[in-house]
Amino acid sequence: MDASGVSGVKEVAANLDAFTEDEYVSQSKLYKEIVSMSTVDKAWTFRSSTGQRTHAMFAITQPNLLANKRKKLILSSVISEDSNGGLDVEWTPFPIDVTGASLMVPSPSGSKLLVVRNPENDSPTQFEIWGPSQLEKEFRVPQSKHGSVYSDGWFEGISWSSDESLIAYVAEEPAVQKPSFSHIDGYKKTASSNSTDKDVNTWKGQGDWEEDWGEAYVGKKQPALFVININSGDVRAVQGIGRSLSMGQVVWAPTTKGLHKYLVFVGWPSDTRKFGMIYCYNRPCAIYAVKAPAFGSEISDSDVNDNASSINLTHGVSSAFIPRFTPDGKLLVFLSAKSCVDTGAHSATHSVHKIEWDSEREPKPAKIDDVVPVVMCPENDGFPGIYCFDVLSKPWLSDGSTMIISSFWRSVGVVLSVNVLSGKVTRITPSNSNHSWSLLTLDGNNVLAVSSSLVDVPQIKYGSITKEESKDATWCWLDVSSPTSESQEKVKSLLSSLQFDILKIPVKDASENLTKGACKPIEAMYVSSKSKREECDPMIVILHGGPHNVSLSSFSKTSGFLASIGYSLLIVNYRGSLGYGEEALQSLLGKVGSQDVNDVLTAVDHAIDLGLANPSKIAVLGGSHGGFLTTHLIGQAPDKFAAAATRNPVCNLALMVGTSDIPDWCFVETFGTSWPTTYTEAPSAELLSSFHQKSPIAHVSKVKTPTLFLLGAKDLRVPVSQGLQYVRALKENGVVVKLIVFPEDMHPINRPQSDFESFVNIGVWFKKYCK
């Protein structure tokens, strides 16, 4: 066993030939170096008392293969300008392990830090309030009050009040008491029973099954709002909402003396069928206001008797999320994915809106003004629309009206400024670079971001506004020197021999009756060796899932690994991808299995025509909808690919519609917007036939390509039965197949050991069949 704890490669591969066994050994060592690199997730900044220096905290994660978990670390630094206008950065010698922390949220002034530790088993939730030098307060909230605090995904939400005495947050509602049974009495009445859970004569029943929000939320109870008083530790549930809504993304509304304190939150209807939530932006939602609970001396008779319910602030808009108040409290700004809700596409181009907030009166629905509308078809290479999935808690520059966000600009991640008064959108990251950028945090009017590319490891950047007379503000970006690990230096060395470009590929069906946006060229990123060779390296075609997602030009450990073992990469953003305007995205609905397949084949042929690929040495790799495309491609173009690998692929829509947590996805992608918004998991024979015709299983008899399948047994999005059925059909037809099932993994197959085993096997499989 080496220092990482990764061992057993020769034992696993004992029955393999010497070449394959050697590949397992060499590739596992290489991938271990790449995956051990830490990743910067978010950051916070705190100005020194003199205002001359910035203290920055960076939250980073690092896979721990031996423990099969991800370590959470905090690395701190002090940033200041040097005499030459550059940056002077001093880092602490070592990061601090904060793996047990579910959430860390600084107070508005930066003088306090909230740390939430979610319970294990029946333990209480732990709230810690840290000051500058020590733990100041600690509270434990038992599960009789609420379950775990939601720490990621749609329902995450935690917010300090402006006076830093109260914290609002979203947690699981208290568990419903389960029935008790006894081998003596049968059913035991709860009220008359003196037995405890540990009474050897009784046992707990299961009670009624309660529907959850699907993939990644299995076993999670209904999200509910709570407020904790950090002076007393008193916790109160927010009243007036009820179980008809699942809520998240809570923020405190601006307050005026003499009025009630209000909370603003996002609510999703939860009194009907709950479809899967994660990755799904087409779930109807609205922004609500509700009175915050009063504490101690604030409580009056009217508070006790007040049964006021929550107020829907965004009537008439089917989607409203991520609410943010401007610093002066006069505007409530939010994002919308209305086009998702209207068409059923699970992700689409966002819009930005605002409401005037009257702090002198009780909250009520108000006129909604557009700030940035949905871009249907960008002009040339211009602004393609907003694609923003998270917003800083304080995203504002000092003018109080300019919001800084991350977004996509075709195949590139960018940072944008959005003026909510004028609606002007500006790309503040360099437009002459193919690097992708992601926002970390603001430091006054300065920006901390991460920049990377497919051949460059992530680099922290510090952006500042520079102004010239009679011109718009421009941004200057400086490198933030950071500690480098041995593994990072090795990865840099591996990547130094590689290059990449973004190819423009004309679509073949542009003459059809399509919208203007659907006729524009698609993009594919091509990664290759810098050295010129007589023969092309074998090429891997990489396909993203969704299908309404996008592959960005940012650094990817998996892509870096595959390129480092001798493959060129063609990473295709077919029509339907994010970042290209709404017309291009909507063009795929109802055409899956044809338009997207043709786009990929067009991109492959384009690479061959340019002399970038050897037609006999092409492999294909994809997961989820990318797996749908992979299995379609090896069936529809059986002589095109020498090898294939797929992770949790959609193979049979007729089977998936009755087993997935998102049956609506099957209808929308198969039939498009012509299908009504009422979906059934018991479709007619006619519908089942249409699902079958759109599915890879319809072409399985033609497949000849050796294919590796990687399946997560706990996947609710694309259940494991999808891949198993397809694998069995291939075996019946004599096709070479390898199958690995990960018993504890869900849809992403991203637990550290599962990810490691997946991509080492992918690398070895391609070396065996595409070399």
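**Strands, rings and spaces**

In this predicted model, strands β25, β26 and β27 form an open sheet of 3 strands, in the order β25-β26-β27 and with antiparallel pairing. Its edges are β25 (402-409) and β27 (425-427), and each of these pairs on one side only. From one strand to the next, the twist averages 35°. Look at the β25 contact in detail. Strand β26 covers residues 412-419, runs antiparallel to β25 and is joined to it by 8 bridges. Strands of a sheet pair through backbone hydrogen bonds, either parallel or antiparallel.

A second open sheet has 4 strands. Its order is β17-β18-β19-β20, and the pairing is antiparallel. Which strands stand at the edges? They are β17 (245-252) and β20 (311-312). Each has a single partner strand, so one side of each is left without a neighbour in the sheet. Take β18 and β19 next. Strand β18 spans residues 262-269 and strand β19 spans residues 286-291; they pair in the antiparallel sense over 6 bridges. Leu-263 stands opposite Val-290 in β19.

Now move to β29, which holds residues 446-453. Begin with its partners. Strand β28 (residues 436-443) pairs with β29 in the antiparallel sense over 7 bridges. Asp-443 has Asn-446 of β29 as its bridge partner. The hairpin of β28 and β29 has 2 residues between the strands, and there Gly-444 takes a positive phi near 65°. Strand β30 (residues 456-466) also pairs with β29 in the antiparallel sense, over 6 bridges. Here Ala-449 has Lys-461 of β30 as its bridge partner. β29 and β30 form a hairpin too, with 2 residues between them.

Is β29 covered or open? It is mostly covered: 8 of its 8 residues are buried. In a regular strand the side chains alternate between the two faces of the sheet. On one side of β29 are Asn-446, Leu-448, Val-450 and Ser-452. On the other are Val-447, Ala-449, Ser-451 and Ser-453. Both faces are covered, with all of these residues buried. Take Val-447 as an example. Its relative accessible area is 0%, so it counts as buried. The C-alpha atoms of Val-447 and Ser-26 are separated by 41 Å, and the two residues lie 421 residues apart along the chain.

Next, the rings. The structure holds 31 aromatic pairs. In one of them, the ring centres of Phe-667 and Phe-691 lie 5.1 Å apart and the planes meet at 85°, so this pair is edge-to-face. Phe-667 belongs to helix α11 (residues 663-671) and Phe-691 to helix α12 (residues 685-694), so the contact ties together parts that are 24 residues apart in sequence.

Other rings link into a cluster. Its members are Tyr-150, Trp-154, Phe-155, Trp-213, Tyr-217, Trp-268, Tyr-281, Phe-321, Tyr-387, Phe-389 and Phe-408. The face of Tyr-150 has Lys-220 over it, at 5.1 Å from the ring centre. A charge also sits over Phe-295: the charged end of Arg-236 is 5.3 Å from the centre of that ring.

Last, the empty spaces. Rolling a probe the size of a water molecule over the atoms shows where empty space is left. How many cavities of 30 Å³ or more does a search of the whole structure find? It finds 2. The largest cavity has a volume of about 90 Å³. It is lined by 14 residues, and Pro-254, Leu-259, His-260, Tyr-262 and Arg-361 are the closest to its centre.

The second largest pocket holds about 620 Å³ of space. Its lining counts 25 residues, of which Met-57, Ser-76, Leu-113, Gly-131 and Pro-132 lie nearest the centre. β2 (54-64), β3 (69-81), β6 (103-106) and β7 (113-117) each supply at least two residues.

Note on methods: Residues are numbered from 1 along each chain as its sequence is written. This is a predicted model: local features need pLDDT of at least 70, side-chain atom pairs count only at pLDDT 80 or more; totals for chains, interfaces and linings use all residues. Side-chain values use heavy atoms; hydrogens and water are left out. Rings of Phe, Tyr and Trp (its six-membered ring) pair if their centres lie within 6.5 Å; planes under 30 degrees apart count as stacked, over 60 as edge-to-face and the rest as tilted. A charge sits over a ring if NZ of Lys or CZ of Arg is within 6 Å of the ring centre and within 35 degrees of the ring normal. Two strands pair if DSSP finds at least two bridges between them. Axes are lines fitted to C-alpha atoms, for helices over the stretch in contact, and angles run from 0 to 180 degrees between N-to-C directions. On a 1 Å grid over the protein atoms alone, a cavity is a set of points where a 1.4 Å probe fits but cannot get out, and a pocket is an open set with protein on both sides within 12 Å along at least five of seven lines; lining residues have an atom within 4 Å of a point. Grid points are joined across faces, edges and corners, and a volume is the space filled by probe spheres set on the points. Buried means under 20% relative accessible area, exposed over 50%, partly exposed in between (1.4 Å probe, protein chains only).
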